[in-house]
Amino acid sequence: ALHWSLTQFTPASMEVVPTNAVERVFNIAVVLLALILFSSILSSITSSMIYLRNLTAERRQQVSDVRRYIMQKRLTLDLGNR
């Protein structure tokens, strides 16, 4: 049953099927656990990507604000390059 359950997640699945109720329950438990684990990992990756995107957007906004300030105040190049 364990072998069959694990082969369901690989591209080369085997022709092994659960034959009794215990094997079927075990198979369902493994599939549900894998679904929950995969969803959790995917959620974590998505959250990290959104965080990085927000950091990048914030940094771009800050650079844009500084450039706009330098242009509006007509600062010298030496002062603007610091």
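Arg68 and Asp65 both sit in helix α2, which covers residues 21-73, and they are 3 residues apart, about one turn of the helix. An α-helix has 3.6 residues a turn, so residues three or four places apart point the same way. Arg68 and Asp65 form a salt bridge, with 3.0 Å between the closest N and O atoms; the term stands for a side-chain nitrogen of Lys or Arg within 4 Å of a carboxyl oxygen of Asp or Glu. The structure holds 1 salt bridge. Arg68 is partly exposed at 43% relative accessibility, and Asp65 is partly exposed at 33%. Partly exposed lies between buried, under 20% relative accessible area, and exposed, over 50% (1.4 Å probe, protein chains only).

The model is predicted: local features need pLDDT of at least 70 and side-chain atom pairs count only at pLDDT 80 or more, while totals for chains, interfaces and linings use all residues. Residues are numbered from 1 along each chain as its sequence is written, and side-chain values use heavy atoms, with hydrogens and water left out.

The protein chain has 3 helices and 0 strands, in the order α-α-α from the N terminus. Helices (H or I, at least four residues) and strands (E, at least two) are DSSP runs, numbered from the N terminus. Of the 82 residues of the chain, 9% count as buried. The accessible surface of the chain is about 7400 Å², and 64% of this belongs to carbon and sulfur atoms; such areas come from the Shrake-Rupley method with a 1.4 Å probe, and for residues only the protein chains shown count as cover.

Helix α2 has 53 residues, which at 1.5 Å a residue should span 78 Å, and its end C-alpha atoms are 78 Å apart, in agreement. The expected span is 1.5 Å times one less than the number of residues. Within α2, Asn27, Val30 and Ile70 are buried.

Leu37, Ile41, Ile45, Met49, Tyr51, Leu52 and Leu55 make a nonpolar surface patch of about 720 Å². Patch residues have over 30% relative accessible area and no salt bridge; like charges are joined within 9 Å, nonpolar side chains (Val, Leu, Ile, Met, Phe, Trp, Tyr) within 5 Å. Ile41 is found in α2 and is partly exposed, at 45%.

After α2 comes Arg74, in the loop between α2 and α3 (77-80). Arg74 has a positive phi of about 50 degrees although it is not a glycine, and at 75% relative accessibility Arg74 counts as exposed.
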